[in-house]
Amino acid sequence: MAASAQPPVPPALSAEQAKAVLAEVIKAFGAPENAQRMEEARDNACNDMGKMLQFLLPVATQIQQDVIKAYGFSSDGEGGLFPRRAGCSGPAGASCPPPFLAGVLKFARLIKSYESQDPEIASMSGKLKAMFLPPMTLPPHGPGTGGVAAS
């Protein structure tokens, strides 16, 4: 029987290592050239959620990928959340997610797994998200706001 190729093992970082990488990612967003790129993307998005996804998210993803690739988070899509499928040789489409997302999504899931264990990681993760995700406001609930009042 022929030996089958083993998919690459995703990077395993301890909570402390993950915290250090997260700090490095946050620092990268503060670099003048990245801050300028993010500001231009925000200006292009004009507070429109669809445009945020179109302009801001790709810039934020690239900034993160530039940092995390040094820690084994692949940007080629191989062995990641979105391995390349047969026939996915051209530009990413609906059936072929962009390969650069694989490493960033793996990193985000790793950080999420540590958030409940380490309040500092949770705080840093929130800070990172606030850099490129618009604040979400919840509709008011309760009496006088259209909510259901308890009797």
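Contact here means heavy atoms within 4.5 Å. Keep that cut-off in mind for the whole-chain view of this predicted model.

**Whole chain.** Show everything as cartoon. Of the contacts with a separation of 6 or more, 66% join residues 24 or more positions apart. The accessible area is about 9,800 Å², and carbon and sulfur atoms hold 60% of it. Of the 151 residues, 31% count as buried.

**The core.** Select Leu 22, Val 25, Phe 29, Met 38, Phe 107, Leu 128 and Phe 132. These have the most contacts inside the largest nonpolar core, a set of 29 residues. Colour by helix next: helix 1 (15-30), helix 2 (32-45), helix 3, helix 4 and helix 5 each give two or more residues to this core.

**Phe 29.** Centre on this side chain. Beyond its neighbours within four places in sequence, Phe 29 touches Asn 34, Ala 35 and Met 38, then Ala 60, Ile 63 and Gln 64, and finally Leu 128, Met 131 and Phe 132.

**The largest pocket.** The space inside is about 310 Å³. Which helices supply at least two residues of the lining? Select helix 3 (49-68), helix 4 (100-115) and helix 5 (119-132) to see them. Helix 4 gives the most, with 9 residues. Finish by colouring the lining by type: 11 nonpolar, 3 polar and 4 charged.

Key
Residues numbered from 1 in each chain as written. Predicted model: local features only at pLDDT ≥ 70, side-chain atom pairs only at ≥ 80, totals over all residues. Heavy atoms only, no water. 1 Å grid on protein atoms, 1.4 Å probe; cavity = no way out; pocket = protein on both sides within 12 Å on 5 of 7 lines; lining within 4 Å. Points joined across faces, edges and corners; volume = space filled by probe spheres on them. Helix = DSSP H or I, 4+ residues; strand = E, 2+ residues; numbered from the N terminus. Nonpolar A, V, L, I, M, F, W, Y, C, P; charged D, E, K, R; others polar. Core = buried A, V, L, I, M, F, W, Y, C linked by side-chain atoms within 4.5 Å. Buried < 20%, exposed > 50% of the residue type's maximum accessible area, 1.4 Å probe, protein only. Areas by Shrake-Rupley, 256 points an atom, 1.4 Å probe, with all protein chains shown as cover.
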